[in-house]
Amino acid sequence: MINNDSDRPAIFKLGVLVNPFAGIGGALALKGSDGAEIREKALAMGAEQKANEKMAKALSILEALSGQFTVVTASGEMGETVCESLGIPYEVIYTPNTEQTEGEDSERAAKAMVEANVDLLLFAGGDGTARNICSVVGTQVPVLGVPAGCKIHSGVYCVSPSAAGQVVSQMIAGELVSEMDAEVRDIDENAFREGKVIAKHYGEMRVPAELTYVQAVKMGGKEDEALVLDDIAAYVSEIMSDEPDTYFVMGSGSTVGAIMEFLGLDNTLLGVDVVKQGEIVASDVTASELITLTQDKPTKVILTVIGGQGHILGRGNQQLSPAFIRQIGKQNMLVVATKQKLQALNGKPLRLDSSDAALDTELAGAFTVITGYKDKVLCQAV
């Protein structure tokens, strides 16, 4: 896809979801707000609904970025109200059937946002809300929680609403943010009211956080590229070991070449090789050979970023045809790069040029980039 506005950042699509009843039982010592009965009791006792107020604190941080992002949300108190109060343009994509929303409404709204291809789902609630969202979102899109509930045991929440807004603003501005897998936990409220804390793990979601360097650095705090490439290669090697039945298609570029060197395999620097169980099964394959070899087989492709340009498709890897990319899906595209290479893009997005404009549009949005051993960042691609 040729883009004459190559220096213009992509428009960021933000999903905004509020559980309006989150936290209403806290001040009244009800130990939570899960269930219609508890919510009715809390409201009858004069409970204040503060979830929208907390979401407003997060969203107000984005005021200076007006025009750089769009919002999709749920109607009324589930997101529309707070967007309207702040003058943020929005599109309602889910409307609950009743005024007192239930967990199912959070799930349906979150599902609609995933289907709308949001770059980030920002939600306000507690652990119950996180559970609801995790059940339908999983790791499909990045999420970030604005703490508004009685119970905040899950790792998907920022320390404060303002901190959440800051992370979102960094993403919208095209700055690098780290990505991590964060745990969703919740406690049994009935047991909690009896003085027992019974916590349960309900899954993990992808969460952005302020950029951290957890990989090998020099004394001055700069990345040591050779050590970082080893970190990346070690992590990819571990992924390969965990998936022995998967074909790994190794794209062109020096970073992918470093992975092949780490594996002790010959590499076609300007071509595409296929690896399975630590062995090369095909070298320097053509587009048609690649489709035939991987048809109906679990397959992942390892891509890197072209330095200075930011292309991940369409520069030196035309063997990765639109038909092949559609065959494996975006979820099986693993992008690898050092943080130094990404920062050298100066906030420009990653570039997609598959020669199929419709496919490029489908793929556009947030990409996870592996930048070290179990170290990842989120980048926008257009």
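A polar contact here is a pair of N or O atoms within 3.5 Å, where one must be able to donate a hydrogen and the other to accept it. With that in hand, here are the close-ups, all taken from a predicted model.

View A. Thr 338 sits in the loop that runs between β13 (333-336) and α12 (339-343). A polar atom of its side chain lies 3.1 Å from the backbone nitrogen of Lys 341. Thr 338 has a relative accessibility of 6%, so it counts as buried, given that the cut-off for buried is under 20%.

**View B. The five-stranded open sheet.** Follow the strands across in the order β3-β2-β1-β4-β5, and you will find parallel pairing. The edges belong to β3 (91-94) and β5 (143-147); each has a single partner strand, so one side of each has no neighbour in the sheet. On average, neighbouring strands of this sheet are turned by 25 degrees against each other, direction ignored.

**View C. Where β2 meets β3.** Three bridges join β2 (residues 69-74) to β3 in the parallel sense. Look for Thr 73, which stands opposite Val 92 in β3.

**View D. Helices packed on the sheet.** Helix α2 (residues 51-60) packs on the sheet and touches β1 (12-18), β4 (120-125) and β5. The direction of α2 makes about 160 degrees with that of β1. Helix α6 (residues 161-172) also packs on the sheet, touching β1, β2, β4 and β5. For α6, the direction makes about 155 degrees with that of β5.

Methods
Residues numbered from 1 in each chain as written. Predicted model: local features only at pLDDT ≥ 70, side-chain atom pairs only at ≥ 80, totals over all residues. Heavy atoms only, no water. Pairing = 2+ DSSP bridges. Helix = DSSP H or I, 4+ residues; strand = E, 2+ residues; numbered from the N terminus. Axes fitted to C-alpha atoms, helices over the stretch in contact; angles between N-to-C directions. Contact = heavy atoms within 4.5 Å. Buried < 20%, exposed > 50% of the residue type's maximum accessible area, 1.4 Å probe, protein only.
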